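Here is a protein chain to explore step by step. Keep the sequence and the 3D view side by side as you read.

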Amino acid sequence: MTRKLNELLLALEKEEKVARKRVEENRIAFNEVSKSALTSWSAAGERDYAEGQAKINQDYHSKVLKLIEEVKEALTKDKEKVSSPGFVLVQTGDTASEFFVVDEPINLDGMKLVSKDSPLGNSVLGKTEGESFEYIIGVKKVKGEILKNE
């Protein structure tokens, strides 16, 4: 029943290793740029840029770690209703789509993560398999049914 959440957890753990490596590389680059920033205006600008990149990568790493913990916690619970984080398979018209509802989505290759606060995420939260949902995008109303919830 939790196969898809386990797949998400594995992908997140791989992503965490990549993100951690980026954070470490940024820290090293920032330290190197900082050494020369004392004697050059140009290097001072590079230092500010490197500091900004380090912050972006650190924030991303923190988001990945938080999501890993949320998925681990979700794996310990039985769920009847769609909640965050959770896997959902839906049917809209002739199209079946699968995605993960999460608090703060990240880009993860091969997986679609949808914010629980998005129109789609919000419309499926609290629903069970077999229930209908609908949401509006622009002027278009989208209706569907939840086929699977994990």
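Start with the whole chain. This is a predicted model. The chain has three helices and five strands. In sequence order, these elements follow the pattern α-α-β-β-β-α-β-β. The chain holds 150 residues, and 35% of them count as buried. Now look at the contacts in the chain with a separation of 6 or more. Residues 24 or more positions apart account for 53% of these contacts.

Next, find helix H1, which covers residues 3-37. Glu15 sits in this helix. Leave aside residues up to four places away in sequence, and Glu15 touches Arg22, Tyr60, Val64 and Leu108.

Move on to Glu16. At 10% relative accessibility, Glu16 counts as buried, because the cut-off for buried is under 20%. The side chain of Glu16 meets that of Arg20 in a salt bridge, with 2.8 Å from N to O. Where do Glu16 and Arg20 lie? Both are in helix H1, four residues apart, which is about one turn of the helix. Arg20 has 43% relative accessibility, so it counts as partly exposed.

Leu65 is found in helix H2, which covers residues 41-75. Leu65 and Glu16 are 49 residues apart in sequence. In space, their C-alpha atoms are 6.8 Å apart. Leu65 counts as partly exposed because its relative accessibility is 36%. Ile28 is in helix H1. Ile28 and Ala54 are 26 residues apart in sequence, and their C-alpha atoms are 9.8 Å apart in space. With 43% relative accessibility, Ile28 counts as partly exposed.

Now turn to the salt bridges. How many salt bridges does a search of the whole structure find? The search finds eleven. One involves Asp59 and Lys55, whose closest N and O atoms are 3.0 Å apart. These two residues are four positions apart in helix H2, so about one helical turn separates them. Asp59 has a relative accessibility of 36% and therefore counts as partly exposed.

Another salt bridge joins the side chains of Lys116 and Asp103, at 3.5 Å from N to O. This pair links distant parts of the chain, 13 residues apart. Lys116 is in the loop between strand S3 (113-115) and helix H3 (119-124). Asp103 is in the loop between strand S2 (95-102) and S3. Lys116 has 27% relative accessibility, so it counts as partly exposed. Asp103, at 24%, counts as partly exposed too. Some salt bridges share partners, and these join Arg3, Lys4, Glu7 and Glu98 into one network.

Most peptide bonds are trans. Which form does the bond from Ser84 to Pro85 take, cis or trans? This peptide bond is cis, with omega near -5 degrees. Pro85 is found in the loop between H2 and strand S1, which covers residues 86-92.

Finish with empty space. Rolling a probe the size of a water molecule over the atoms shows where such space is left. The count comes to one cavity of 30 Å³ or more. The largest cavity contains about 40 Å³ of space. Which residues line the largest cavity? They are Lys63, Lys66, Leu67, Glu70 and Glu104. By class, this lining has one nonpolar, no polar and four charged residues.

Methods: Residues are numbered from 1 along each chain as its sequence is written. This is a predicted model: local features need pLDDT of at least 70, side-chain atom pairs count only at pLDDT 80 or more; totals for chains, interfaces and linings use all residues. Side-chain values use heavy atoms; hydrogens and water are left out. On a 1 Å grid over the protein atoms alone, a cavity is a set of points where a 1.4 Å probe fits but cannot get out, and a pocket is an open set with protein on both sides within 12 Å along at least five of seven lines; lining residues have an atom within 4 Å of a point. Grid points are joined across faces, edges and corners, and a volume is the space filled by probe spheres set on the points. Ala, Val, Leu, Ile, Met, Phe, Trp, Tyr, Cys and Pro count as nonpolar, Asp, Glu, Lys and Arg as charged, and the others, Gly among them, as polar. Contact means heavy atoms within 4.5 Å. Buried means under 20% relative accessible area, exposed over 50%, partly exposed in between (1.4 Å probe, protein chains only). A salt bridge is a side-chain nitrogen of Lys or Arg within 4 Å of a carboxyl oxygen of Asp or Glu.
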